[in-house]
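Open the model in your viewer and keep the selection tool at hand. The tour goes from one selection to the next and says what is there.

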Amino acid sequence: MDYKDKIGFIGLGNMGKPMAKNLEKAGVDLYVYNRTPEKMADFAANSTPCNDLVSLVDHSDIIFTMLSNDDAVHAVYESILSMDISGKLFVDMSTVSQEASKVISTMCLEQGAKFVDAPVAGSTQPAKEGTLIFMVGADQEDEQRILPYLQIMGKDVKYLGPNGNGVAAKLCINYYLSILYQGMAETVLFAENMGISRKDMMAIINDSASGSGASRVKTPLIIDDEYPAAFSVDLMLKDVKLALDAGANFPFSEILVDTYQGAKNAGFAKDDVMSIIPFLKDKQ
């Protein structure tokens, strides 16, 4: 396929780097920027690393951002909004508050630019494989324009209506995942207390109706009791708090905050979300 747009990509972290790499492999005319320059080194051969945001925005027609939280998104877009961005199309794939996304969208429109919120379902492995699911809030014309690029990075694109709806769906799916991970952790610990190994318990879960892609991808970590981060405790805690701020007020809500905040405070912040297992085990 002949990709006519010049694409900018800001944020080459655990998720952003493999996503940008998939764009590069597809032959997209790609410009990349990361606050830590070393993370751009792998792109020097086939793409254009940029030393600053001004250079990236100036050279790009469509700019994707994949950042860690509200503060990071505000900081990057504060710089972007000080530039001449008329005619540019920005696509933020970060998990942020709906309020932040809508504010940035309004400010982009005021300066003659377009803005799309398109957060993803999936962690680092789907990012590498190009099998993410995008949840898009945008004018449909803008969604259609970015669709070929989203299809490089993902297996499905859900168009959900106007700006802010993509972020809303992302907060909902991550709230569900926070419950699922808590349930798996408690079940594994309960099984061990009953004399059932983690390996056997996870096999039963995965082979039954309660199994899912989430349970299967976490199984090796749970069995080995080792938790290199695909999706960290810190990020899950952030998303649970965003859900609560957006109005999630259910029986699980405060329990989830207690678990993920407790795991963070106990030193598991940068470990995978399933490190709530050793945290909860210590509390037994």
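Select Thr 219 and Asn 206 and show their side chains: the two side chains make a polar contact of 2.9 Å. Keep in mind that this is a predicted model. Thr 219 belongs to helix 9, which covers residues 213-224. Is Thr 219 buried or exposed? Its relative accessibility is 11%, and the limit for buried is under 20%, so Thr 219 counts as buried. Leaving aside residues up to four places away in sequence, Thr 219 touches Met 202 and Asn 206.

Stay in helix 9 and select Arg 216. Arg 216 has a relative accessible area of 45%, and is therefore partly exposed. With residues up to four places away in sequence again left out, Arg 216 touches Asn 206 and Gly 211.

Next come the aromatic rings. A pair of such rings is described by two values, the distance of the centres and the angle of the planes. How many aromatic pairs does the count give? It comes to 5.

Select Tyr 3 and Tyr 149. Their ring centres are 5.5 Å apart and the planes stand at 45°, so this pair is tilted. Tyr 3 is in the segment before strand 1 (6-10), while Tyr 149 is in helix 6 (residues 140-153), so the pair ties together parts that lie 146 residues apart in sequence. Tyr 3 counts as buried, at 17% relative accessibility. Tyr 149 counts as buried as well, at 2%.

Move on to Phe 9 and Phe 64. This aromatic pair is stacked, with 6.4 Å from centre to centre and 25° between the planes. Which parts does the pair tie together? Phe 9 lies in strand 1 and Phe 64 in strand 4 (residues 62-65), so the parts joined are 55 residues apart in sequence. Both Phe 9 and Phe 64 are buried.

Then select Tyr 77, Phe 90 and Phe 115 together; these three residues form one aromatic cluster.

For the last stop, select Lys 21 and Phe 43. Lys 21 lies over the face of Phe 43, at 4.5 Å from the ring centre.

Conventions:
Residues are numbered from 1 along each chain as its sequence is written. This is a predicted model: local features need pLDDT of at least 70, side-chain atom pairs count only at pLDDT 80 or more; totals for chains, interfaces and linings use all residues. Side-chain values use heavy atoms; hydrogens and water are left out. Helices (H or I, at least four residues) and strands (E, at least two) are DSSP runs, numbered from the N terminus. Buried means under 20% relative accessible area, exposed over 50%, partly exposed in between (1.4 Å probe, protein chains only). A polar contact is a pair of N or O atoms within 3.5 Å; within protein, one must be able to donate a hydrogen and the other to accept it, and residues adjacent in sequence count only if both atoms are side-chain atoms. Contact means heavy atoms within 4.5 Å. Rings of Phe, Tyr and Trp (its six-membered ring) pair if their centres lie within 6.5 Å; planes under 30 degrees apart count as stacked, over 60 as edge-to-face and the rest as tilted. A charge sits over a ring if NZ of Lys or CZ of Arg is within 6 Å of the ring centre and within 35 degrees of the ring normal.
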